[in-house]
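Hello,

Here is the structure we talked about. Please open it and keep it beside this message while you read.

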Amino acid sequence: MKVVTPQEMAQMDQKTIASGISGIDLMEKAGTECTRVIESTLKEGMLICVICGPGNNGGDGQVIARQLSEKGFSVQVFFTEPADKMSPESQTNYSRLRESSVAVQFLSHEAGLEGFEASLAGADLVVDAVFGTGLKDRPLGEWYETLLNAVNACGKRIAAIDIPSGLRGDNGLTLEAAVEADQTIIIQNYKVGCLLNDGPDCVGEPVLVDIGIDENCVENNKYFVQKQDLRCPVKRKKNSHKYDYGSVVIIAGSKGMIGAGLLATEGALKSGAGLVTSYVPLEVYLPVAARSPVEVMIKTYDCNITGEDIEHDRKRVVLIGPGIGRKKNYSIILNDLLYNTTVPVVIDADGLFHLSRNLDVLKESKTPVILTPHFGEFSTLTGVDREEILKDPIGHGRCFAEEYQVVLVLKGYRTMIFSPEGEVFFNSTSNPGMATAGSGDVLAGMIAGFAGQSVDLLEAAKAGVFYHGAAGDYYAEHYGESTLTARNIIDSFKYVLK
Ligand SMILES: NC(=O)C1=CN([C@@H]2O[C@H](COP(=O)(O)OP(=O)(O)OC[C@H]3O[C@@H](n4cnc5c(N)ncnc54)[C@H](OP(=O)(O)O)[C@@H]3O)[C@@H](O)[C@H]2O)[C@H](O)CC1
Ligand SMILES: [K+]
């Protein structure tokens, strides 16, 4: 399934209209599908307030109001602008609405919102159809800001149409105010802004409706990752041995930070790697050995380890970074791996710090690479302010992955995976409980574990991110989000990785 920008969605609408279905019919279809979802949440006799803006989002709102009224619900519509400011399809729907029994009120920008607030307080459901994908990046103005804040303050269930009003569809940032919906009925495809920054908090529960638009009618390589798209875990052949599922090397953990290495190691082992070898500094050998799973091989080094040491012995992938700290010798180790080996390398956490000291090594390296930064680490890598990246995460991520020819896993609530060819994949799993210490170490181990299993690095990254989130979701569904720890994510692998 594709994820689209507002511009791409507008082009898709236009192409669909050009192919023969009229704009007004498309709006009727959108409104009908939204009505179906809304109706399933209503009980007889409920009062619904629909707030309609001047554009086609408001037009969808009018269709919903008319259809809910035809189904016997009491409906009140508030218009934020006079009829002459409505889009053509909205005006057509306004004439249809006037023939229905829906109560209509035009809000005045001069008078206050007192009556409006009282009406919201008496409603059972508020439908937000003020702005959709046509929202522009310009100040809302005080009046709309007050209006959207009043919607949020009403304390009633809010269903937003297509995208919560005030939320930018291109990056998930909000204007001065944005509706925080309980449910958003997303028309046809996820908009980028529903998945990034404030988007998921404003959207609430997302529900997609299909109005028959072909998502491939415009060129777009942004995808929503779902289970059926994944190639991991690989099917295990009867006639196979442990090396067929990857020998994974993990360079992780140091004095005071052995937990990161242990979590990454278990992440790799329990996602199906055939053999995991953990390389740790001599000084932490004993505590690591005492706490490592018995299946893991542990090797020690004094202060250095070379690519040659690792390339011996059928190694398929190296993970470097979790808990290694910032001592200089790791920059040397990392450079050696990238310059002198061809074994794929996953670089996480402090490994990314060492990489940032010599980023150009990526351009000279022949080794396939996956980087797994969160936004702060990505800012260090690129030298671009975090705030700037958040305004255009797709642009920055895509540009970096293409320039350095790496698979980039940019971690967040909806982690994005960028391929060296410019594709973007949005993860569909995870929950806020996973923002917890060690969660990233588990993910890095999991990606390395999959990368060992004869799949290409992009597939390993997609599967690692998806199943890591799915394991966290499994725990959260059963026990809630607040007690979730990195260990719980590992323990839940067995339920989702079947
Ligand atoms: N036929 C179709 O294309 C279908 C569209 N669907 C629905 O339509 C919306 C997108 O509708 P669109 O008309 O493009 O835009 P909006 O309704 O979201 O908003 C446009 C109006 O909002 C004003 N605006 C924009 N930005 C601001 C702002 N920052 N502050 C104040 N006002 C703003 C804008 O004013 P202008 O002066 O810029 O014109 C417009 O008045 C989509 O989301 C779907 O819900 C149907 O689903 C399918 C058919
Ligand atoms: K809306």
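**The sheet and its helices**

Seven strands form an open sheet in the order β4-β3-β2-β5-β6-β7-β9, and they pair in parallel. The edge strands are β4 (103-106) and β9 (205-209), and each of them pairs on one side only. Neighbouring strands are turned by 20° against each other on average, ignoring direction. Bear in mind that this is a predicted model.

Now look at one strand pair. Strand β2 covers residues 47-52 and strand β5 covers residues 125-129. The two run parallel and share five bridges. Within this pair, Ile51 stands opposite Asp128 in β5.

Two helices to find next:

- Helix α3 (residues 56-70) packs on the sheet. Helix α3 touches β2, β3 (74-79), β5, β6 (157-161) and β7 (183-187). The direction of α3 makes about 160° with that of β2.
- Helix α5 (residues 114-122) also packs on the sheet, where α5 touches β2, β3 and β5. The direction of α5 makes about 140° with that of β2.

**One residue to look at: Met12**

Met12 is in helix α1 (residues 6-18). Is Met12 buried or exposed? Met12 has a relative accessible area of 0%. Buried means under 20%, so Met12 counts as buried.

Which residues does Met12 touch, leaving out those up to four places away in sequence? They are Val4, Asn189, Ile213, Asp214, Glu215, Cys217 and Val218.

Gly31 is 19 residues from Met12 in sequence. In space, the two are 17 Å apart, C-alpha to C-alpha.

Best wishes

Terms used: Residues numbered from 1 in each chain as written. Chains lettered and ligands numbered in written order. Predicted model: local features only at pLDDT ≥ 70, side-chain atom pairs only at ≥ 80, totals over all residues. Heavy atoms only, no water. Pairing = 2+ DSSP bridges. Helix = DSSP H or I, 4+ residues; strand = E, 2+ residues; numbered from the N terminus. Axes fitted to C-alpha atoms, helices over the stretch in contact; angles between N-to-C directions. Contact = heavy atoms within 4.5 Å. Buried < 20%, exposed > 50% of the residue type's maximum accessible area, 1.4 Å probe, protein only.
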